[in-house]
Amino acid sequence: HLDGKVALVTGSTSGIGLAIAHGLAKRGASIILTGFGDEELISKLKEDFTSKYKCRVDYIDADLSKVADINELFTSVIKLYPEGVDVLINNAGYNHVCLVEEYPEEKWDDMVAVMLSAPFHLCKRFIPLMKRKGWGRILITSSVHGMISTAGKAVYSAVKHGVVGLAKGIALEVVDYGITCNTLCPGFVDTPVTQKQIKQFVQDEGISLEQAKVDLVSKRQPTKTFIEPEHIAEYVAFICSPYAAQITGSAMPIEGGWLSK
Ligand code: NAD
């Protein structure tokens, strides 16, 4: 259902963003990948897309903590697609788990820049073009930490709560233009971001990697298993379908029952 549509997915060189890009390509969208990665990884990723789907795939390098890079990213996208993108997935991010009293101030600035300011800057630049198209889908990857918090994740929660508000406001601003704007609120997904936390848990608790995975997840998620990136990607594909035209301003938990406890 996405033939002829163009999707820009930030943080798409790994994890959730990469799975979302695959989910959209599978349905016919042209993909613009962006995120960190060396030349070898990028050419492997591009090859994978072009061999699996008939889609066009481009990669644009940008460090989203820098507004100059965001401007260059926007200019490069416009060079490829003068009418802009139809689907904008603001997904790039990471976590730094640390108490507020010990939190490095430059880390606060970077978390805010990458996960709150970058979605703002990209939405600001792409919305006018989407309005002209009269159709659009905007998603921002928040987290369960966009709804609740955990000790050590106050800063992460602050930015993840922030994008929930940003998406709600945008949803109302674009409602008359065929554009929806929603956030995704995943629990533990098995990606490099989580693997870093698991390694820390292994060290703190003196347990095996396998045990740490089970303990960390089952402590929070009643389903006791990781969420697969593809579970999120399939939901995004649905949001990009005509059947999701009435879903806007939502913050969708995909968290194995975590929030029901
Ligand atoms: P990941 O490490 O697999 O992917 C993160 C992506 O963001 C990578 O492509 C990376 O290059 C990119 N990125 C990071 N900093 C960047 C920067 N400064 N500029 C440009 N790109 C940058 O992690 P993931 O788990 O797939 O995370 C994706 C999103 O999902 C993040 O926003 C994260 O907070 C959120 N999230 C993850 C989980 C989880 O359990 N993994 C749960 C809830 C929310």
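A polar contact is a pair of N or O atoms within 3.5 Å; within protein, one must be able to donate a hydrogen and the other to accept it, and residues adjacent in sequence count only if both atoms are side-chain atoms. This model is predicted, so to speak with care: local features need pLDDT of at least 70, side-chain atom pairs count only at pLDDT 80 or more, and totals for chains, interfaces and linings use all residues. Residues are numbered from 1 along each chain as its sequence is written, and side-chain values use heavy atoms, with hydrogens and water left out.

View 1. A ligand nitrogen sits 3.0 Å from a side-chain N or O atom of Asp63. A ligand oxygen is 2.7 Å from a side-chain N or O atom of Thr13.

**View 2. Who lines up around the ligand.** The ligand has 29 residues around it (a heavy atom within 4 Å). Among the closest are Thr13 and Tyr156. Helix α6 (192-205) gives the largest share, three residues. Helices here are DSSP runs of H or I, at least four residues, numbered from the N terminus.

**View 3. Cysteines without partners.** Zero disulfides turn up in the whole structure (cysteine sulfur pairs within 2.5 Å). For Cys123, the nearest cysteine sulfur belongs to Cys181, 5.6 Å away. Cys123 is buried at 2% relative accessible area (buried is under 20%, exposed over 50%, partly exposed in between; 1.4 Å probe, protein chains only).

**View 4. Ser51 out in the open.** Ser51 belongs to helix α2 (residues 39-52) and is exposed, at 61% relative accessibility.

Definitions and conventions: Helices (H or I, at least four residues) and strands (E, at least two) are DSSP runs, numbered from the N terminus.
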